[in-house]
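Look at the model shown next. Then read the report that follows.

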Amino acid sequence: MGTPLRKLSGDPDCKNGACPTLWGTADGEDYVVQGHVISDPEVLEQLGMPEGETAVMVPAAVLEGFFRARR
């Protein structure tokens, strides 16, 4: 089994439970972002990511919810 994750923040407009979400590892060392795969070639070119990496887009509310909760 991999590193246990805990849900930190999710899309407040989510209706089906499988929406953009911010997860944290149990040790607090890493984050996992669940979001919509970016497939637009122009956007991917701007990111200039190395092979083996991918990018996802999440609503600002997901990250804002996390930071509000930490205050």
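Val56 lies in strand E5 (residues 56-57). Strands (E, at least two residues) and helices (H or I, at least four residues) are DSSP runs, numbered from the N terminus. Val56 is partly exposed, with a relative accessible area of 31%. Partly exposed sits between buried (under 20%) and exposed (over 50%), with a 1.4 Å probe and protein chains only.

This is a predicted model: local features need pLDDT of at least 70, side-chain atom pairs count only at pLDDT 80 or more, and totals for chains, interfaces and linings use all residues. Residues are numbered from 1 along each chain as its sequence is written, and side-chain values use heavy atoms, without hydrogens and water.

Now the sheet. Three strands form an open sheet in the order E1-E2-E3, with antiparallel pairing. Two strands pair if DSSP finds at least two bridges between them. Strand E1 (5-10) and strand E3 (31-34) are the edge strands, each pairing on one side only. E1 and E2 share five bridges. Four bridges join strand E2 (residues 21-25) to E3. Here are some bridge partners.

| Residue | Bridge partner |
|---|---|
| Leu5 | Thr25 in E2 |
| Thr21 | Gln34 in E3 |
| Leu22 | Val33 in E3 |

The hairpin of E2 and E3 has five residues between the strands, and Gly28 takes a positive phi near 75° there. How many of the five residues of E2 are buried? Four are, and E2 is mostly covered.
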